[in-house]
Amino acid sequence: MTFGFILAQCLSALSQAAILFFIACGLTLIFGIMRIVNFAHGAIFMLGAYVGLTVLAVTGSFLLSLLLAPVAVGGIGMAFEWIFLRHLYGRREGGAYLLLTFGLAIVLSELIRVIWGPQPLASGIPDYLRGIVVILGQPFPLYRLFLIASGIAAAVAIWQFLERTRAGLLIRAVAQNAEMVHALGTDVALVRTGVFGLGCAMAALGGVLAAPLVTAFLGMGTNVVIDAFVIVIIGGMGSFAGSLIGSILVGFVQVLGAYYFQDLALAFMYFLMLIVLVIRPGGLLGKED
Amino acid sequence: MSGKAAGCALAVVACALLPFAIPQYSLSVLIEALIFGLLAMSLDLLVGYCRLYSFGHAAAYGLGAYAAALILTHLQLPLPIGIALAVLATTLVAIPIAWICTRSTGVSFAMLTLAFAQLGYAMLFRFRDITGGSDGITGIPRPPGPWGITWFQGKIGYYYLVLGCLIVSYLVCRAIVRSAFGAVLSAIRENEPKAVALGYDTRLYKITTVVLSYAFGALAGALYAAFAGFASPELFFWLVSGRALIMVVVGGAGTLIGPILGGVFFIFLEHELSQVTDLWPLVFGSIFMAFVMFAPEGIWGLLSSRFKPVPGIPSAGPSDETSDAAA
């Protein structure tokens, strides 16, 4: 086993982590601001992949699908928040969100089956990202490097957005004390709608990026939403940095587990979550509540 | 009150006569519906009485089914004894699971239960030579006995076995939630810090309830395995957990009878709609969302509020009782 081989495996794990991060960061943002556990996040991710494929088929431009699919899906997310979730904010217990978004997950998956058909849809990697790069004597797909770069870019962009902009300031303020922000004259409902849309747009972006690797298939959403929940639980619900750390941990566990312990690959991720929760019930960076 | 008792008696008699009034095919659907009703009721102990949303109740169902499958196939024990042993085995496995899961509440609890169910799902493929991997276990017999009893081997007889298990389980669960133990559960649901302050070890109560819930869920799984004649990994899959949760909510959480109705309603709707259209999950998901939005008290809540002004969910009463008991 050479150093180059280990490096290639680490890069592979990081590219997996990048895709997971796109889903997990939206999930954790939505939870942090709204205390909503969005079970439909996997279906949103899947919707992003399918919409991206359609944009690609119509326009022939991968970059355009990276732009349009998140905008469209983010809009759908905002509409869902506006039509449904908004009316549940008065309920005392949070279980209703979990159940409602679970219903949305079923409805979205079925709508996708009706619109795009039950067969998996393959999408090619665009020509300029198709090559193989040789790193320390090991061949490595360029597209996976592109994924890592996108993941890093997204993490930095969201971090800067939350820390440096006025909208980011409002989002952090709402997460801490929504009533006070409301009393100071900010439309908190609008912030919530915006964050839900942003979270959905991130998941859709992840879906578009993941589609060339895995092909778009029904059920890609359910697989991924459980992974994303595991990540968010490991990192700590509502913690942005936690979702980044969780994505990387789970990405490594999935890729290395699949390579070295094929039979137990599925179980490893859950073991990781169990261990974290038994030691720190609130997650690595979460507050215990 | 006597009207209510008469209504219950009438419902039981109607269920007992039903096999002779409907075709053989519908009887299979009915048996499946009753089994799912039992599963939903077992989940209601957690959702309705402790407000612990388990997303992994498939673990109870799958463990019960696989335990029954292994016991019946390899040991050839009489069917009722095999099912009882399967329930016992699942109950023992549930104790450590309950201990870990009750460390957290809310979303973390939901995800921990989900993790255990998925872990079980993964283990089926790891220990292929015992569980049969993706093929599952097929050809599960229904061995006769004890004392040469064979009436449950036929379809109508099996229906009565399932109906009997459901009624007895319902009566036991009802007795539990109406006992002092159940009153403490309601107190935990309404205000856990207060229950702790009153001196109750709430964690112990929650662990006990999770284990009980697993036991009844395992009974449903064991009955299903012996009915269908096979146990497959799908029984452990999270969709089963999701379906059970939907049944509880649509039927009416915290009522026990509601989730049974929800389960029966769900299975029949599934069979009817899947014959008419392949869009039934879409219809079903929409119905579910409508219930969450507009009728969070579920079918039973709608029905019972039509007849009497007081909602069926005991909320204020039991928590008052506990404070009286402590004072």
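Colleague: Which residues does B:A222 touch, leaving out those up to four places away in sequence?
Modeller: B:A222 touches B:G64, B:A65, B:A67, B:A68, B:I83, B:A86 and B:V87. Touching, or contact, is when C-beta atoms placed from the backbone lie within 7 Å. This is a predicted model, where local features need pLDDT of at least 70 and side-chain atom pairs count only at 80 or more, while totals for chains, interfaces and linings use all residues. Residues are numbered from 1 along each chain as its sequence is written, with chains lettered from A in the order written.
Colleague: How many residues are in the largest nonpolar core?
Modeller: 209, and B:A222 is among those with the most contacts inside it, as is B:A68. Such a core joins buried Ala, Val, Leu, Ile, Met, Phe, Trp, Tyr and Cys through C-beta atoms within 7 Å; buried takes 20 or more other C-beta atoms within 10 Å.
Colleague: Which helix gives the largest share of this core?
Modeller: Helix α1 (residues 3-34) of chain A, with 18 residues. Helices are DSSP runs (H or I, at least four residues), numbered from the N terminus.
Colleague: Switching topic, how many residues of chain B contact chain A?
Modeller: 31, meeting 32 residues of chain A. The largest share of that side of chain B, 13 residues, comes from α5(B), which spans 106-126.
Colleague: And which other helices of chain B supply at least two residues there?
Modeller: α11 (238-251) and α13 (280-294).

Technical notes
Two residues are in contact if their C-beta atoms, placed from the backbone, lie within 7 Å. A residue is buried if 20 or more other C-beta atoms lie within 10 Å of its own, exposed if 12 or fewer, and partly exposed in between; C-beta atoms are placed from the backbone.
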